[in-house]
Amino acid sequence: MAAAAGLDLVEIAPNSVPPVCKALDYGRFKFQAQKKAAEARKKQKTVEIKEIKMRPNIDTHDYEVKMRAVKRFFDEGDKVKVTLRFRGREMAHQELGVRLLDRVKDETSTIAKVESEPRLEGRQMTMVLAPR
């Protein structure tokens, strides 16, 4: 029947009893499957990690500007890596850095979850936040 209609006989479900076959144009079927896969790839969003750099003794206005940027990144669906850089004698007061990152965590608790807790790596403390 498929040959008479000028179509291909394609086996859809080979393991069922009886096996299910379909008469269709196989070239066109492959082309449409390829187009569907390309469309799915196009609509897919890659999650980027954006980085915000701060210092332990950041001023209030500078902090607010950085927090606006963090909220904008979450609205775009990106993860945010908050990096706190210690210079010189600031290393002796790491509790200021922990306090600042806790403040960031509290302010973003409604829109983000903590993916990795604050940890010290050399002279910088990092924390990764992901949108809810």
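S109 counts as partly exposed in this predicted model, because its relative accessibility is 35%, which lies between the 20% limit for buried residues and the 50% limit for exposed ones. The residue belongs to the loop that runs between α4 (94-107) and β5, and its C-alpha atom is separated by 13 Å from that of V80, although the two residues are 29 residues apart along the chain.

**Domains and annotated regions**

- According to UniProt, in an unreviewed entry, the feature "domain: Translation initiation factor 3 N-terminal" is placed at residues 1-40; in the model this span is 48% helix and 28% strand, and its end C-alpha atoms lie 34 Å apart.
- The UniProt annotation "domain: Translation initiation factor 3 C-terminal", likewise from an unreviewed entry, covers residues 47-132; here the span is 35% helix and 36% strand, with 13 Å between its end C-alpha atoms.

**The hairpin of β1 and β2**

- Strand β1, made of residues 8-13, pairs with strand β2, made of residues 20-24, in the antiparallel sense, and five bridges join the two.
- Within this pairing, E11 has C21 in β2 as its bridge partner, and the two strands form a hairpin that leaves six residues between them.
- P18 is found in the loop between β1 and β2, and the peptide bond that joins V17 to P18 is cis, with omega at about -10 degrees.
- As background to that bond, most peptide bonds are trans.

**Strand β6 and its two partners**

- Strand β6, residues 124-131, has six buried residues among its eight, and it is therefore largely enclosed by the rest of the structure.
- On one pairing, β6 runs antiparallel to strand β4, residues 79-85, over six bridges; in this pairing the bridge partner of V82 is M127.
- On another pairing, seven bridges join β5 to β6, and these strands also run antiparallel; A112 stands opposite P131 in β6, while V114 stands opposite L129 in β6.
- β5 and β6 form a hairpin with two residues between the strands, and in this hairpin G122 takes a positive phi near 70 degrees.
- For context on that angle, most residues other than glycine have a negative phi.
- S116 is placed in strand β5, which spans residues 112-121, and it counts as buried because its relative accessibility is 18%, which falls under the 20% limit.
- When residues up to four places away in sequence are not counted, S116 touches M127 and V128; M127 is also the residue of β6 that is the bridge partner of V82.

- F73 lies in helix α3 and is buried, as its relative accessible area is 11%.
- The contacts of F73, with residues up to four places away in sequence left out, are K50, I52, D78 and V80.
- F73 and I49 are 24 residues apart along the chain, and their C-alpha atoms are separated by 9.1 Å.
- N57 has its place in the loop between β3 (49-54) and α3 (60-75), and it counts as exposed because its relative accessibility is 57%, which is over the 50% limit.
- The C-alpha atoms of N57 and L96 are 7.7 Å apart in space, whereas the two residues are 39 residues apart in sequence.

**Aromatic rings and a charged group**

- The charged end of R103 sits over the ring of Y63, at 3.8 Å from the centre of that ring.
- As for pairs between aromatic rings, the structure holds one.

Conventions: Residues numbered from 1 in each chain as written. Predicted model: local features only at pLDDT ≥ 70, side-chain atom pairs only at ≥ 80, totals over all residues. Heavy atoms only, no water. Pairing = 2+ DSSP bridges. Helix = DSSP H or I, 4+ residues; strand = E, 2+ residues; numbered from the N terminus. UniProt positions renumbered as here; feature names shortened; annotations may be inferred. Phe/Tyr/Trp six-rings, centres within 6.5 Å; stacked < 30°, edge-to-face > 60°. Lys NZ or Arg CZ within 6 Å of the ring centre and 35° of its normal. Buried < 20%, exposed > 50% of the residue type's maximum accessible area, 1.4 Å probe, protein only. Contact = heavy atoms within 4.5 Å.
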